Amino acid sequence: ADEINMARDLVDRFMSEHVLPVGPDHTCPYLPGRTACSEGFEAGAMDAALYLAFMDRGFRRSGSVIYRPACRACGECIPIRIPVPRFRPSRSMKRVWRRNRDLHVDVGPPVPDEEKYGVYVRYLDHQHDGTMTGSRDEFLDFLYNSPVQTLEFTYRFGRRVVGVSLADPCLNVLSAVYMYFDPEHRKRGLGTYSILWEIAYAARQNLDYYYLGYYIADCPKMSYKARYRPFELLRPDGLWEPGPDRLDCNDRSA
(Lines give C-alpha, C1' and ligand atoms only; values in the text may rest on other atoms or scores of the structure.)
Protein backbone atom coordinates (compact mmCIF):
# COMPACT_ATOMS: atom_id res chain seq x y z
CA ALA A 1 0.00 0.00 0.00
CA ASP A 2 2.83 2.42 0.81
CA GLU A 3 4.48 1.76 -2.55
CA ILE A 4 1.23 2.42 -4.40
CA ASN A 5 0.52 5.62 -2.44
CA MET A 6 4.03 6.92 -3.08
CA ALA A 7 3.63 6.22 -6.80
CA ARG A 8 0.29 8.03 -6.87
CA ASP A 9 1.87 11.04 -5.18
CA LEU A 10 4.61 11.02 -7.82
CA VAL A 11 2.08 10.88 -10.65
CA ASP A 12 -0.02 13.68 -9.14
CA ARG A 13 3.10 15.83 -8.77
CA PHE A 14 4.15 15.04 -12.33
CA MET A 15 0.71 15.98 -13.66
CA SER A 16 0.68 19.25 -11.71
CA GLU A 17 4.11 20.26 -12.99
CA HIS A 18 3.84 19.22 -16.66
CA VAL A 19 1.51 19.89 -19.54
CA LEU A 20 1.35 16.73 -21.61
CA PRO A 21 1.40 16.91 -25.40
CA VAL A 22 -2.07 16.57 -26.92
CA GLY A 23 -2.42 14.82 -30.24
CA PRO A 24 -4.40 16.19 -33.18
CA ASP A 25 -8.14 15.75 -33.43
CA HIS A 26 -9.25 12.74 -35.42
CA THR A 27 -12.48 10.90 -36.15
CA CYS A 28 -13.60 9.03 -33.05
CA PRO A 29 -13.39 5.26 -33.71
CA TYR A 30 -16.12 4.52 -31.15
CA LEU A 31 -18.87 7.16 -31.34
CA PRO A 32 -20.14 8.32 -34.75
CA GLY A 33 -20.08 12.00 -35.54
CA ARG A 34 -17.50 12.86 -32.90
CA THR A 35 -13.84 13.78 -32.90
CA ALA A 36 -11.30 12.51 -30.43
CA CYS A 37 -7.81 13.31 -29.17
CA SER A 38 -5.51 12.09 -26.42
CA GLU A 39 -2.65 13.31 -24.28
CA GLY A 40 0.36 11.27 -23.31
CA PHE A 41 4.06 10.53 -23.50
CA GLU A 42 6.43 7.76 -24.53
CA ALA A 43 8.06 5.71 -21.78
CA GLY A 44 11.31 3.80 -22.14
CA ALA A 45 10.84 1.79 -18.95
CA MET A 46 8.43 2.12 -16.04
CA ASP A 47 8.07 0.14 -12.83
CA ALA A 48 4.82 -1.58 -11.95
CA ALA A 49 3.77 0.77 -9.14
CA LEU A 50 4.19 3.86 -11.29
CA TYR A 51 2.23 2.42 -14.21
CA LEU A 52 -0.55 1.34 -11.87
CA ALA A 53 -0.67 4.88 -10.48
CA PHE A 54 -1.01 6.24 -14.01
CA MET A 55 -3.84 3.78 -14.71
CA ASP A 56 -5.57 4.99 -11.56
CA ARG A 57 -5.46 8.46 -13.10
CA GLY A 58 -7.16 7.29 -16.29
CA PHE A 59 -4.13 6.36 -18.42
CA ARG A 60 -3.48 3.22 -20.45
CA ARG A 61 -0.64 2.16 -22.68
CA SER A 62 -0.44 1.44 -26.40
CA GLY A 63 2.97 -0.03 -27.07
CA SER A 64 5.37 2.27 -25.26
CA VAL A 65 2.98 5.26 -25.26
CA ILE A 66 1.19 6.09 -21.99
CA TYR A 67 -1.97 7.99 -22.90
CA ARG A 68 -5.47 8.97 -21.88
CA PRO A 69 -8.39 10.57 -23.72
CA ALA A 70 -8.35 14.37 -23.76
CA CYS A 71 -11.50 15.05 -25.78
CA ARG A 72 -12.83 18.55 -25.18
CA ALA A 73 -16.56 17.89 -25.32
CA CYS A 74 -16.76 14.24 -24.30
CA GLY A 75 -15.98 12.13 -21.25
CA GLU A 76 -17.45 8.83 -22.37
CA CYS A 77 -14.23 6.75 -22.07
CA ILE A 78 -14.31 5.53 -18.47
CA PRO A 79 -11.70 3.13 -17.04
CA ILE A 80 -13.27 -0.10 -15.79
CA ARG A 81 -11.91 -2.85 -13.53
CA ILE A 82 -13.16 -6.15 -12.13
CA PRO A 83 -12.69 -7.08 -8.44
CA VAL A 84 -11.19 -10.53 -9.06
CA PRO A 85 -12.26 -12.33 -5.84
CA ARG A 86 -15.89 -11.28 -6.34
CA PHE A 87 -16.20 -11.98 -10.06
CA ARG A 88 -18.96 -14.41 -11.04
CA PRO A 89 -19.33 -15.52 -14.68
CA SER A 90 -22.75 -15.39 -16.34
CA ARG A 91 -24.40 -18.44 -17.87
CA SER A 92 -23.30 -17.39 -21.37
CA MET A 93 -19.71 -17.02 -20.13
CA LYS A 94 -19.82 -20.51 -18.65
CA ARG A 95 -20.92 -21.80 -22.05
CA VAL A 96 -17.94 -20.09 -23.69
CA TRP A 97 -15.63 -21.62 -21.08
CA ARG A 98 -16.97 -25.12 -21.78
CA ARG A 99 -16.75 -24.57 -25.53
CA ASN A 100 -13.01 -23.99 -25.26
CA ARG A 101 -12.05 -26.79 -22.92
CA ASP A 102 -10.11 -28.40 -25.77
CA LEU A 103 -7.63 -25.50 -25.92
CA HIS A 104 -4.23 -25.40 -24.23
CA VAL A 105 -2.99 -22.07 -22.87
CA ASP A 106 0.70 -21.18 -22.51
CA VAL A 107 1.67 -18.24 -20.29
CA GLY A 108 5.06 -16.55 -20.48
CA PRO A 109 7.07 -13.59 -21.75
CA PRO A 110 5.88 -12.20 -25.10
CA VAL A 111 7.55 -13.89 -28.07
CA PRO A 112 6.45 -12.68 -31.53
CA ASP A 113 6.85 -15.19 -34.32
CA GLU A 114 5.65 -15.84 -37.85
CA GLU A 115 2.65 -17.93 -36.82
CA LYS A 116 1.36 -15.28 -34.43
CA TYR A 117 1.92 -12.54 -36.99
CA GLY A 118 -0.17 -14.50 -39.49
CA VAL A 119 -2.99 -14.78 -36.95
CA TYR A 120 -2.74 -11.02 -36.28
CA VAL A 121 -3.03 -10.15 -39.98
CA ARG A 122 -6.03 -12.44 -40.47
CA TYR A 123 -7.65 -10.96 -37.36
CA LEU A 124 -7.28 -7.40 -38.65
CA ASP A 125 -8.62 -8.38 -42.08
CA HIS A 126 -11.73 -9.82 -40.44
CA GLN A 127 -12.31 -7.53 -37.47
CA HIS A 128 -11.11 -4.04 -38.21
CA ASP A 129 -11.94 -1.05 -40.36
CA GLY A 130 -8.59 -0.36 -41.95
CA THR A 131 -7.29 2.05 -39.31
CA MET A 132 -4.42 -0.38 -38.62
CA THR A 133 -2.09 -1.44 -41.41
CA GLY A 134 -1.22 -4.96 -40.30
CA SER A 135 2.46 -4.34 -41.05
CA ARG A 136 5.17 -6.25 -39.21
CA ASP A 137 6.50 -3.03 -37.65
CA GLU A 138 3.03 -2.20 -36.34
CA PHE A 139 2.65 -5.73 -34.96
CA LEU A 140 5.93 -5.43 -33.05
CA ASP A 141 5.55 -1.82 -31.87
CA PHE A 142 1.88 -2.02 -30.90
CA LEU A 143 1.91 -5.41 -29.15
CA TYR A 144 5.48 -6.37 -28.31
CA ASN A 145 7.14 -3.08 -27.38
CA SER A 146 6.29 -2.58 -23.71
CA PRO A 147 7.83 -0.33 -21.03
CA VAL A 148 6.47 -2.61 -18.27
CA GLN A 149 6.47 -6.32 -17.54
CA THR A 150 4.04 -8.04 -19.90
CA LEU A 151 2.70 -11.58 -20.12
CA GLU A 152 1.57 -13.35 -23.27
CA PHE A 153 -1.25 -15.90 -23.20
CA THR A 154 -1.12 -18.20 -26.23
CA TYR A 155 -4.23 -20.26 -26.99
CA ARG A 156 -3.56 -23.45 -28.98
CA PHE A 157 -5.77 -26.04 -30.61
CA GLY A 158 -3.36 -28.94 -30.79
CA ARG A 159 -0.14 -27.26 -31.88
CA ARG A 160 -1.88 -24.51 -33.84
CA VAL A 161 -2.09 -20.99 -32.43
CA VAL A 162 -5.73 -19.85 -32.55
CA GLY A 163 -5.42 -16.75 -30.37
CA VAL A 164 -3.03 -14.57 -28.37
CA SER A 165 -3.69 -12.11 -25.58
CA LEU A 166 -1.31 -9.83 -23.71
CA ALA A 167 -1.66 -8.38 -20.22
CA ASP A 168 0.49 -6.40 -17.79
CA PRO A 169 0.89 -7.64 -14.18
CA CYS A 170 1.25 -4.60 -11.92
CA LEU A 171 1.57 -5.38 -8.20
CA ASN A 172 -1.95 -6.41 -7.16
CA VAL A 173 -3.62 -6.13 -10.59
CA LEU A 174 -3.55 -7.63 -14.06
CA SER A 175 -4.21 -5.14 -16.86
CA ALA A 176 -5.52 -6.40 -20.21
CA VAL A 177 -3.68 -5.02 -23.24
CA TYR A 178 -5.00 -6.67 -26.43
CA MET A 179 -6.33 -9.93 -27.83
CA TYR A 180 -6.20 -11.19 -31.42
CA PHE A 181 -7.44 -14.50 -32.77
CA ASP A 182 -7.84 -16.56 -35.92
CA PRO A 183 -11.25 -15.66 -37.44
CA GLU A 184 -11.60 -19.29 -38.51
CA HIS A 185 -12.29 -19.97 -34.82
CA ARG A 186 -14.55 -16.96 -34.20
CA LYS A 187 -17.48 -19.16 -33.09
CA ARG A 188 -15.51 -20.16 -30.04
CA GLY A 189 -15.94 -16.70 -28.50
CA LEU A 190 -12.20 -16.37 -27.97
CA GLY A 191 -12.40 -12.72 -26.96
CA THR A 192 -14.66 -13.65 -24.06
CA TYR A 193 -12.64 -16.75 -23.27
CA SER A 194 -9.37 -14.80 -23.05
CA ILE A 195 -10.90 -12.40 -20.52
CA LEU A 196 -12.26 -15.29 -18.45
CA TRP A 197 -8.90 -17.05 -18.61
CA GLU A 198 -7.00 -13.93 -17.56
CA ILE A 199 -9.39 -13.30 -14.66
CA ALA A 200 -8.94 -16.93 -13.58
CA TYR A 201 -5.16 -16.49 -13.84
CA ALA A 202 -5.35 -13.32 -11.73
CA ALA A 203 -7.36 -15.25 -9.12
CA ARG A 204 -4.71 -17.99 -8.97
CA GLN A 205 -2.08 -15.29 -8.44
CA ASN A 206 -4.17 -13.77 -5.61
CA LEU A 207 -4.48 -10.45 -7.46
CA ASP A 208 -7.17 -8.00 -6.42
CA TYR A 209 -8.26 -6.44 -9.73
CA TYR A 210 -8.41 -7.06 -13.44
CA TYR A 211 -8.20 -3.80 -15.42
CA LEU A 212 -10.17 -3.97 -18.66
CA GLY A 213 -9.40 -0.65 -20.34
CA TYR A 214 -12.10 1.88 -21.18
CA TYR A 215 -15.85 1.37 -20.97
CA ILE A 216 -18.04 3.39 -23.36
CA ALA A 217 -21.76 3.05 -22.68
CA ASP A 218 -22.99 3.91 -26.19
CA CYS A 219 -20.48 1.80 -28.11
CA PRO A 220 -21.17 -1.96 -28.38
CA LYS A 221 -17.47 -2.59 -29.05
CA MET A 222 -16.70 -1.18 -25.60
CA SER A 223 -19.89 -1.49 -23.54
CA TYR A 224 -19.63 -5.32 -23.45
CA LYS A 225 -17.12 -4.92 -20.61
CA ALA A 226 -19.98 -4.28 -18.19
CA ARG A 227 -20.99 -7.94 -18.62
CA TYR A 228 -18.14 -8.90 -16.30
CA ARG A 229 -19.67 -8.36 -12.88
CA PRO A 230 -19.26 -6.88 -10.43
CA PHE A 231 -17.23 -4.03 -11.87
CA GLU A 232 -15.96 -0.63 -10.81
CA LEU A 233 -15.65 2.63 -12.77
CA LEU A 234 -13.07 5.36 -12.25
CA ARG A 235 -14.58 8.71 -11.28
CA PRO A 236 -13.12 12.00 -12.54
CA ASP A 237 -11.72 12.64 -9.05
CA GLY A 238 -9.56 9.51 -9.27
CA LEU A 239 -11.64 7.29 -6.99
CA TRP A 240 -13.12 3.95 -8.03
CA GLU A 241 -16.81 3.32 -7.40
CA PRO A 242 -19.05 0.28 -7.92
CA GLY A 243 -20.81 0.16 -11.28
CA PRO A 244 -24.61 0.07 -11.49
CA ASP A 245 -26.29 -3.27 -10.80
CA ARG A 246 -28.20 -2.96 -14.06
CA LEU A 247 -26.55 -1.61 -17.15
CA ASP A 248 -27.14 -2.13 -20.88
CA CYS A 249 -24.03 -3.99 -21.91
CA ASN A 250 -24.95 -5.39 -25.33
CA ASP A 251 -24.33 -9.03 -24.50
CA ARG A 252 -23.76 -10.64 -27.91
CA SER A 253 -20.84 -12.86 -27.06
CA ALA A 254 -22.36 -16.30 -26.81
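User: Which order do the three strands of the open sheet follow, and is the pairing parallel or antiparallel?

Analyst: The order is S3-S5-S4, and the strands pair in the antiparallel sense. Strands are DSSP runs of E with at least two residues, and helices are runs of H or I with at least four, both numbered from the N terminus. This is a predicted model, in which local features need pLDDT of at least 70, side-chain atom pairs count only at pLDDT 80 or more, and totals for chains, interfaces and linings use all residues. Residues are numbered from 1 along each chain as its sequence is written, and side-chain values use heavy atoms, with hydrogens and water left out.

User: What makes strand S3 and strand S4 the edge strands?

Analyst: S3 (38-42) and S4 (60-62) each pair on one side only. Neighbouring strands of this sheet are turned by 35° against each other on average, with direction ignored.

User: Why is Asp168 called buried?

Analyst: Buried means a relative accessible area under 20%, exposed means over 50%, and partly exposed covers the range in between, with a 1.4 Å probe and protein chains only. Asp168 has 0% relative accessibility and therefore counts as buried. The residue belongs to strand S9 (residues 160-170).

User: What makes the link between the side chains of Asp168 and Arg61 a polar contact?

Analyst: A polar contact is a pair of N or O atoms within 3.5 Å; within protein, one atom must be able to donate a hydrogen and the other to accept it, and residues adjacent in sequence count only if both atoms are side-chain atoms. The side chains of Asp168 and Arg61 are linked at 2.7 Å, and this value therefore falls within the 3.5 Å limit. A further polar contact of 2.7 Å connects the side chains of Asp168 and Thr150. Contact in the wider sense means heavy atoms within 4.5 Å. Beyond four places in sequence, the contacts of Asp168 include Tyr51, Ser146, Val148 and Leu174.

User: Why are H4 and H5 called roughly perpendicular?

Analyst: Angles of 65 to 115 degrees count as roughly perpendicular, under 35 as roughly parallel, over 145 as roughly antiparallel, and the rest as oblique. Axes are lines fitted to C-alpha atoms, for helices over the stretch in contact, and angles run from 0 to 180 degrees between N-to-C directions. H4 (residues 114-127) and H5 (residues 136-144) pack at about 95°, with their axes 11 Å apart, and H4 and H5 are therefore roughly perpendicular to each other. Among the residues in this contact are Tyr117 and Tyr120 of H4, and Phe139 and Leu143 of H5.

User: Why is the description roughly perpendicular given to H3 and H6?

Analyst: The axes of H3 (residues 91-99) and H6 come within 9 Å and cross at roughly 90°; H3 and H6 are therefore roughly perpendicular to each other. The residues making the contact include Trp97 of H3 and Trp197 of H6.

User: Which residues touch the most other members of the largest nonpolar core?

Analyst: A nonpolar core is a set of buried Ala, Val, Leu, Ile, Met, Phe, Trp, Tyr and Cys residues joined through side-chain atoms within 4.5 Å. In the largest such core, of 47 residues, Tyr120, Leu143, Phe153, Tyr155, Tyr180, Tyr210 and Tyr228 touch the most other members. H6 (residues 190-204) gives the most to this core, with eight residues. A second, separate core of 22 residues includes Tyr51 and Val148.

User: Why is S6 described as largely enclosed by the rest of the structure?

Analyst: Five of its six residues are buried, so S6 is largely enclosed by the rest of the structure. S6 pairs with S11 in the antiparallel sense over five bridges, and Ile78 stands opposite Tyr215 in S11. S6 also pairs with S12 in the antiparallel sense, over two bridges, where Arg81 has Glu232 as its partner.

User: Which peptide bond is cis, and what is its omega?

Analyst: The bond joining Arg229 and Pro230 is cis, with omega about -5°. Pro230 is placed in the loop between helix H7 (220-223) and strand S12 (232-234).

How values were computed: Two strands pair if DSSP finds at least two bridges between them.
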